[in-house]
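Biologist: Can you show me the model and talk me through it?

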Amino acid sequence: MGVFEAIKTRRSIRRYKEDLIDEETLRKVLEAARLAPSAANRQPWRFIVVTDPIVKRSLRKAYDKEWFTSAPVIVVACAVPEEAWVRRDGEEYWKVDVSIAMQNLVLAAWDEGLGTCWIGAFDENEAKQALGVPPNVRIVAMTPLGYPAETKGPVSNRKPLSEIVHYNHW
Ligand SMILES: Cc1cc2nc3c(=O)[nH]c(=O)nc-3n(C[C@H](O)[C@H](O)[C@H](O)COP(=O)(O)O)c2cc1C
């Protein structure tokens with residue numbers, strides 16, 4: 001699958017099969033995150049791969065949806081802000097860096113036939129507690145990772161280019 005095809009057909013998946021993900025496939029998906037660009041190449045990301053049913057269950061305190069824990073894997077994307085680049089005006093880039101890595105992971109997963117659903121509406125304190133994440137580390141996003149048990153058409157409900165692109169001036 002080409003990159004554009006993956007971008008066009010990827011959808012958020014909220015129903016998963018129980019089928020396990022083999023180690024090579026999981027590694028490839030994580031490798032896609034590792035290869036992402038980051039500001040000043042600081043790579044301020046860490047990923048927690050959750051497969052233990054007990055840990056998964058405790059993550060439900062952070063995001064209580066049955067489908068969230070039904071996939072064989074949950075990937076938790078974290079940032080170490082002190083490692084990240086900061087712009088001269090103080091703007092911090094860790095969230096951008098980790099999000100780019102996560103999107104690489106999402107698209108590589110789709111290319112492998114795996115579904116994901118970016119989760120942003122979680123309780124960060126509960127998630128940190130469930131995973132033993134240290135105080136200086138932030139959780140940016142989480143996603144279930146597994147083979148889809150639902151099929152969805154390609155992305156369609158997006159604003160047209162005419163509404164979102166400006167040429168030369170706003
Ligand atoms: C930053 C971000 C946060 C999101 N948070 C959630 C979430 O907490 N729960 C959820 O079910 N979906 C979440 N989503 C998925 C969006 O709802 C979904 O991407 C959007 O509706 C477009 O649908 P599609 O991904 O199938 O194209 C999130 C997506 C993004 C990019």
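Modeller: What follows covers the sheet, the core, the ligand shell and some single residues.

Modeller: This is a predicted model: local features need pLDDT of at least 70, side-chain atom pairs count only at pLDDT 80 or more, and totals for chains, interfaces and linings use all residues. Residues are numbered from 1 along each chain as its sequence is written.

Biologist: OK, what is the strand order in the open sheet?

Modeller: The four strands are ordered S1-S2-S4-S3, with antiparallel pairing. Strands (E, at least two residues) and helices (H or I, at least four) are DSSP runs, numbered from the N terminus. Two strands pair if DSSP finds at least two bridges between them.

Biologist: Which are the edge strands?

Modeller: S1 (45-50) and S3 (115-116), each of which pairs on one side only.

Biologist: And how many bridges join S1 to S2?

Modeller: Six, and the two strands run antiparallel, with S2 covering residues 73-79. Val-49 stands opposite Val-75 in S2.

Biologist: Which strands does H5 touch?

Modeller: Helix H5 (residues 124-131) packs on the sheet and touches S1, S2 and S4 (138-146). The direction of H5 makes about 70° with that of S4. Contact here is C-beta atoms, placed from the backbone, within 7 Å. Axes are lines fitted to C-alpha atoms, for helices over the stretch in contact, and angles run from 0 to 180 degrees between N-to-C directions.

Biologist: Switching to the largest nonpolar core. Which residues touch the most other members?

Modeller: Ile-74, Val-76, Ala-77 and Leu-105, out of 39 residues. H2 (23-34), S1, S2, H4 (94-111), H5 and S4 each supply at least two residues of this core. H4 gives the most, with nine residues. A nonpolar core is a set of buried Ala, Val, Leu, Ile, Met, Phe, Trp, Tyr and Cys residues joined through C-beta atoms within 7 Å. Buried means 20 or more other C-beta atoms within 10 Å of a residue's own, exposed means 12 or fewer, and partly exposed is in between, again with C-beta atoms placed from the backbone.

Biologist: What does Leu-105 touch?

Modeller: Leu-105 touches Val-29, Leu-30, Ala-32, Ala-33 and Val-75, leaving out residues up to four places away in sequence.

Biologist: Cys-78, buried or exposed?

Modeller: Cys-78, in strand S2, counts as buried because it has 22 C-beta neighbours inside 10 Å. Its contacts include Trp-45, Arg-46 and Ile-48, as well as Val-137 and Ile-139.

Biologist: Which residues are around the ligand?

Modeller: Arg-11, Ser-12, Cys-117, Trp-118, Ile-119, Gly-120, Ala-121 and Val-155. Those count by having a C-beta atom, placed from the backbone, within 6 Å of it. By class the shell has five nonpolar, two polar and one charged residues. Ala, Val, Leu, Ile, Met, Phe, Trp, Tyr, Cys and Pro count as nonpolar, Asp, Glu, Lys and Arg as charged, and the others, Gly among them, as polar.

Biologist: Now the backbone. What is the phi of Ala-40?

Modeller: Positive, about 55°, although Ala-40 is not a glycine. Most residues other than glycine have a negative phi. Ala-40 is in the loop between H2 and S1, and counts as exposed because it has 11 C-beta neighbours inside 10 Å.

Biologist: And what about the phi of Asn-168?

Modeller: Asn-168 has a positive phi of about 70° and is not a glycine either. Asn-168 lies in the segment after H6 and is exposed, with 4 other C-beta atoms within 10 Å.

Definitions and conventions
Contact = placed C-beta atoms within 7 Å.
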